[in-house]
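Here are my notes for anyone opening this one for the first time. Have the model up on screen and follow the points in order.

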Amino acid sequence: MNPPQAATPTPDTSAARGAMRWLAAEAKGWFNTEGERWVFVAKTMLASFSALWLAFRLGLDAPYTALATTVILALPSSGMVLEKAFYRFLGTLVGCAASLLLVALFPQSPPLLFIGVAVWIALCTGGAAMHRNQQSYSFVLAGYTACMIAVPAIDSPDRVFTLAVTRVTEVGLGIICAAVVHDVVFPRRHSRTVMRTVQARYASFVTFCTQVLEQRLTPAETELSHLKFAADIAALESGRAAAFFEADHPRSHTRQLHAFNAAFMTVLTTFYTLHRLIHRLRGAAPRHAQPVLELVEPMHAHLALALRDELTPQRMASMRTVLAADIAAARSRLAEAEAMEAATPVTRAQQIDFDTAVELLERYARDMEAFTGLYHGLAQEKRKQISDPGSYTPKTPPAIVAASGFRAGVTLLLTASAWYWLAWPFVGNAILMATIFCALASSSPRPTALVQQVLIGFLLATPLAFVSEFFLVARANDFPTLIVAALPIFVFGSYLMTSPRWAGVGIGICMFCATLLVPTNLMHYDVESFMSSELSLTMGVAVAYLMFKVVLPEHTMGQKDHVAAALWREAQGACTASMYRLKRRFDNRVRDLLSQLNAASGPAPSEAARAVVRQGLTLLELGHAVIELRQLIAGSQPGPVPTALKLVVRELAAYLRAPSNASGGTALQSILDAGASVRAALPSATPERRLRLQTALTDLHSIYTSLLDQIATGETDHAA
């Protein structure tokens, strides 16, 4: 019996299946792009109106505070929402406690109360400028929460405790709603974003190393790459901090991410020092540089070839074996040249350059192996026992910290004075808005652009809120119809928040409408009062914009002159600061300063900003070498070599304190004298001590060439 033949699909069936596949592909593509934005909008609306409904049911005095909190906490991933929620609640508690203390100290003295609040806000804004991520936001909240409670309590100090408790309750309600919705409804885990960042960082760095070794990047492109890597380091730390708050993020990964960031900074610095050495040799006289380059460049070619393959542990071991063979062959060629008494014998300077290049190549291979090992451990989710590498330490120039606090405090005092002289009750709204955005924008590298976007959002929301309030919300007779009336303008603002270009405008629209549009428990529809509130809120943001334009406009985050001066101070600290984790602190702070410069400069830095980058990278190389010298000195027995090395550190510190040709010449001479002492000790040294002495020679050579670069370019204008 013959088996039945398979049914042949009809043309209609094939077309239907093709259409379904096309529709599924299009739907998937839309969901991964535009769909993600609408999911974010839907989650924001769900959290916002859930908080508003609960606030009405609980009879809270200002239900709009709970709604505004959910809007402020609306961020792309659940980890970011939970992190910001934690620090918002912490800042709110501290701010409420400060307001109670201030009102208790000055219950019958409004001028003294305003001065006290201004000092508190100045301190909190300065603290915000010193930190990164949402820790900065916690300081900002502590500052302006005190203002939001103390200012309304001026006429009736006995209400301050009620205001504080109500504020904590309303903010807490908004935090709970935002956290639950963003962590439960279509959650977007930040830990996955962090892993994608790690993979992108690893791939881009390996590609960068390959291109530099193959001489496919110009010096300017290399500098910009280092600037971008500095921003990547800060971004990964920010992502790690957010992912820490997610329940499914293994806590062991936090330490591994710290170690990955630290290993990346180490290998990046080593590679930059190696690149600078080879770049100097290529720019030197051919008679001096050519013999060294002929020995070193084959090693570069072999490293570049190895980096093109997947860097497994076996591949890294093979790369180090090939490098060791190349170094041995190069040393044999040097020995043969000396034995044959060639017509062009190797000079001492050439020998030093060769030994330094070899030391840096070996160090780079060692650091790269550690970096790739940490990467594979993260990528394959392998738990590793890692000693605490220390957290990322940001560094904000003190002048910017002081200016941020001063600007916020002066803003409060000026608007409070205007309130007194104008006797317009709605100026209180302007005081709050001006204070809030002066504090919030102080931690931004482009504060005027941020405040300008929010101001545009307020201006756009003014007519939209008026129409919604008196033509839609006024006709609502229950909560569902209230949602229908208020939803369009909040959806519009939330959708704009999903675009990096218009996020500030979207935040402005949502904050403006959350303050004015949402009804209270006992609603009054008063056109004059509504327009006065609109005007005062907009005036407050405009005042904040003007304050950034007028009061110390050059003292903002990432301003090149302040970054340059801070880099110089960090180099001084490398010579004099405590040795406990000094190398890690120095590396973190220099990279953080370069990250600030990158954020302020944008995608196309000016020539002046590029000059600061060059200076920063030179000081980074110099600082690392000085710290290694200090470590060698600390582990050595008293003798002529440690004495000479101490003199180098001392003279270099003197030059960095007061740079001049004379102090620079003295420092250079001390380096040459120390080099002679080290070389004199080499013949009688034990193998272990010989390795330490060779490392000292490499560090001395790096300091010498870095100092020559610094003196030659004359980039000492920003020295502190």
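1. A definition to start with: a residue is buried under 20% relative accessible area, exposed over 50%, and partly exposed in between, with a 1.4 Å probe and protein chains only. By that rule, 51% of the 720 residues of the protein count as buried.

2. Some housekeeping. This is a predicted model, so to speak of local features a pLDDT of at least 70 is needed, side-chain atom pairs count only at pLDDT 80 or more, and totals for chains, interfaces and linings use all residues. Residues are numbered from 1 along each chain as its sequence is written, and side-chain values use heavy atoms, with hydrogens and water left out.

3. Now the overall picture. The protein has 25 helices and 0 strands; both are DSSP runs numbered from the N terminus, helices being H or I with at least four residues and strands E with at least two. Along the principal axes, the C-alpha atoms fill a box of roughly 105 × 100 × 40 Å. Take contact to mean heavy atoms within 4.5 Å. Among contacts with a separation of 6 or more, 80% come from residues 24 or more positions apart.

4. What about the surface? Areas here come from the Shrake-Rupley method with a 1.4 Å probe, and for residues only the protein chains shown count as cover.

5. Which residues make the nonpolar surface patch? They are Leu112, Ile115, Val119, Leu123 and Leu413, covering about 440 Å². Patches are built from residues with over 30% relative accessible area and no salt bridge, joining like charges within 9 Å and nonpolar side chains (Val, Leu, Ile, Met, Phe, Trp, Tyr) within 5 Å. Helix H5 (residues 110-130) gives the most to this patch, with 4 residues. Valine 119 sits in helix H5 and is partly exposed, at a relative accessible area of 46%.

6. On to salt bridges, meaning a side-chain nitrogen of Lys or Arg within 4 Å of a carboxyl oxygen of Asp or Glu. Side chains of opposite charge can pair when their charged atoms come close. Searching the whole structure turns up 20 salt bridges. In one of them, arginine 188 meets glutamate 36, with the closest N and O atoms 3.7 Å apart. That pair links distant parts of the chain: arginine 188 is in the loop between helix H7 (160-184) and helix H8 (190-213), glutamate 36 is in helix H2 (residues 34-58), and they are 152 residues apart. Arginine 188 counts as partly exposed at 36% relative accessibility, and glutamate 36 is also given as partly exposed at 36%.

7. Have a look at glutamate 223 and arginine 614 too, whose side chains form a salt bridge (3.6 Å, N to O). Glutamate 223 belongs to helix H9 (residues 219-243) and arginine 614 to helix H22 (residues 607-634), so the bridge ties together parts 391 residues apart in sequence. Is glutamate 223 buried or exposed? Glutamate 223 is buried, at 13% relative accessible area, whereas arginine 614 is partly exposed at 26%.

8. Lysine 560 and aspartate 561 also make a salt bridge (3.3 Å, N to O). Elsewhere, salt bridges with shared partners join Glu359, Arg363, Lys583 and Glu628 into one network.

9. How many aromatic pairs does the structure hold? It holds 27. Rings of Phe, Tyr and Trp (its six-membered ring) pair if their centres lie within 6.5 Å, and planes under 30 degrees apart are stacked, over 60 edge-to-face, and the rest tilted. Tryptophan 568 and tyrosine 655 form a tilted pair, 6.4 Å centre to centre with 55° between the planes. Tryptophan 568 is in helix H20 (residues 560-576) and tyrosine 655 in helix H23 (residues 640-657), 87 residues apart. Both residues, tryptophan 568 and tyrosine 655, are buried.

10. Last, ring pairs link a cluster that includes Tyr202, Phe260, Phe264 and Tyr375. Arginine 201 lies over the face of phenylalanine 264, 4.4 Å from the ring centre. A charge sits over a ring if NZ of Lys or CZ of Arg is within 6 Å of the ring centre and within 35 degrees of the ring normal. Arginine 37 does this with tyrosine 495, its charged end 4.3 Å from the centre of the ring.
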